[in-house]
Amino acid sequence: MIFDYETLRLIWWALLGALLIGFAITDGFDLGVAVLLPFLGKNDSERRVIINSIGATWEGNQVWLVTGGGALFAAWPLAYSVAFSGFYFALLLTLFALFLRPIGFDYRSKLPSPKWRSNWDIALFIGGFVPALIFGVAFGNLLQGVPFHFDNDMRIFYTGSFWALLNPFALAAGLVSLSMLVMHGAVYLQLKTEGDINRRSKKVVTVSAIVTLVIFAVAGVWVANIDGYHIITEILPNAPSNPLAKIVSKEPGLWLDNYAHYPVLWIIPALAFIAGAATIVLSKADRAGLAFITSSLVLASVILTAGVSMFPFLIPSSSALNSSLTVWDASSSLTTLKIMFGVTVVFLPIVVAYTAWVFRVLRGKVTLEHIQQNDHTAY
Amino acid sequence: MKAAIPQAKYKKTKLAAIEAEWHTEPAPAAFTVIGIPNQETMETYYAIKIPWVLGLIGTRSIDEPITGLSEILEKNRLRIRSGMKAYALLQTLRAGSKDANVRAEFDRYKQDLGYGLLLKRYTENVVDATDQQIELATQYSIPRVVPLFWTFRIMVACGFIMLAIFIFAVIASSVRKCRQNWLLRASLYMMPLPWIASELGWFVAEFGRQPWTIAEILPTFLSASSLTELDIYLSLAGYIGLYTVFLIIEMFLMLKFIKLGPSSLHKGRYHFEIATGASL
């Protein structure tokens, strides 16, 4: 491994993106399915089919979120501390909502009472809805920049409030993330179920895919009019991380700068629309497996679109422009990035391999008969 | 007594604080079993001591002394003064100085920079600290002894009590008399001890390394985020509230299924189910 600092920083930017996309593709359908649970399951047995379609894998999928947080901590410690202290209550809210999933899954079918079960269904809905919305809201705020600065001793001060995070643009981004995860969840349900649930899921796929693409397009036009950020001093991609060593300017439309310089990048947002349209067509043609792949492509290209627009910024500062964190000045040390890269090269393929194996073992549909036969052991 | 064998340099302070070792004594040092430590006067009143023991378990030798807190404070006082120089030089460097002499000077003092930062608690500029502020920072550079002294001893006591009961249980079961009431009762009351011991061990480890987050480099009060006290209380309340609700639900389910008994699933796996004619 003889990568220089610049290359390793790029690799770690890409790896962070890969982990986020991995999370969106795997746990994303769990969140989407949880949101759809009260609407697509018309009776208790149907709801149990829906829950058990993700029952065996949601926990493993959630680990992508944990590794994403871990990678942020290890590779981008400054970004980690700004995000985790700054978005404190938003992240706590997400976490508290996620708490409802394990106990919701485990407790729901322990008692026969319909009241008990429908209350847990609401809890599971919250556990899917809140994180799906907030992850998008977080991206919406990153694109606008958040108010933080460093003092002379490099301590971080975040000066925004929780309510300021819920601004119109961020909520639009939240809706993109919510609707695309609902689409993804619906595609997954179409793949894993049969009969009524399968039919209802198909309808949701079309509607949510169209909603996703429309809001994504609106957000794209919106981005052209909000402030983007730009480094105006010379960039030293191999220098030690010091976020105060540069000068940053902001003006409307700068987030499209990368696309203007490298028009080939337009492929990424274009892919979101192509894959979205393909998802609708494939879902209607009952090719749910292929639709799942195109739906995953939608998620990947939407997330990449945001990442590429902001590159090299990780977290722009709206209140002290020069404090902004970028790929070139917010990473951990060269040694840390090297060691972590070595670890990732070994373990990421193993994780991907066993995940693929698990899904292969669990392939096939979850049916009403399956729930009836396993009344006491199924969720 | 694993915690009494830290070898690393910065752990000397923790060891001395846990053992209320106020002054370096001739090796091998005595171990204070119990007493009433007083940080103001740097003395332990009514101390019951066992000669040699601390020296033996602390250094695994009979000739190496255990450094006392007053000697550590003396050294820290010097390091704080040298840390002030490091801090001043760092400001010059950050202002853009490329002077090789400044750089060399800084390299000479930089290992004490963290000690200089301790002064941030008392003066914003560090470099203009008064003798009184330096004294305050020096006192602040070691952890408070009383909480460490007691938590460590309670932790060790928990360990000894558990060990004693294990020994009794081994003996009792080897002579097949393990159903005696007093032993069963003792085992029941012993249940919280491992939890208490590990909580206290956690406290000793974390409180014992104060005032540092990263030993001798980053003081805890400087490494905390800019969240307010209210933020912390609110999030703590959120956790406690939510987990209390979860606990109540869990207990409700547990008690319900304990009452129903293991045959509630009607699997026919229990003798009385078969006896009453339940199908297999």
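The model is predicted: local features need pLDDT of at least 70, side-chain atom pairs count only at pLDDT 80 or more, and totals for chains, interfaces and linings use all residues. Residues are numbered from 1 along each chain as its sequence is written, with chains lettered from A and ligands numbered from 1 in the order in which they are written.

**Chain A overall**

- Chain A has 13 helices and six strands, which are DSSP runs numbered from the N terminus (helices H or I, at least four residues; strands E, at least two).
- Its radius of gyration is 21 Å, close to the 21 Å that the globule rule gives for 379 residues, so chain A is as compact as a globular protein of that length. The radius is taken over C-alpha atoms, and the rule is 2.2 Å times the number of residues to the power 0.38.
- Along the principal axes, the C-alpha atoms of chain A fill a box of roughly 65 × 40 × 35 Å.
- Of the 379 residues in chain A, 45% are buried (20 or more other C-beta atoms within 10 Å of a residue's own, with C-beta atoms placed from the backbone).

**Nonpolar cores**

- The largest nonpolar core has 109 residues; such a core is a set of buried Ala, Val, Leu, Ile, Met, Phe, Trp, Tyr and Cys residues joined through C-beta atoms within 7 Å.
- Helix α1 (residues 5-40) of chain A gives the most to this core, with 18 residues.
- A second, separate core of 19 residues includes Trp22(B), Leu148(B), Met155(B) and Cys158(B).
- Leu36(A) is one of the residues with the most contacts inside the largest core. Beyond four places in sequence, Leu36(A) touches Val182(A), Gly185(A), Ala186(A), Leu189(A) and Val204(A), a contact being two C-beta atoms, placed from the backbone, within 7 Å.

**Phe29(A)**

- Phe29(A) lies in helix α1 of chain A and is buried, with 30 other C-beta atoms within 10 Å.
- Leaving aside neighbours within four places in sequence, Phe29(A) contacts His184(A), Gly185(A) and Tyr188(A).

**Helix pair α1(A) and α11(A)**

- The axes of α1(A) and helix α11 (residues 288-310) of chain A come within 10 Å and cross at roughly 145°. Axes are lines fitted to C-alpha atoms, for helices over the stretch in contact, with angles from 0 to 180 degrees between N-to-C directions.
- Residues of α1(A) at this meeting include Gly17(A), Leu20(A) and Gly28(A), and those of α11(A) include Ser296(A), Leu299(A) and Gly307(A).

How values were computed: Buried ≥ 20, exposed ≤ 12 C-beta atoms within 10 Å, placed from the backbone.
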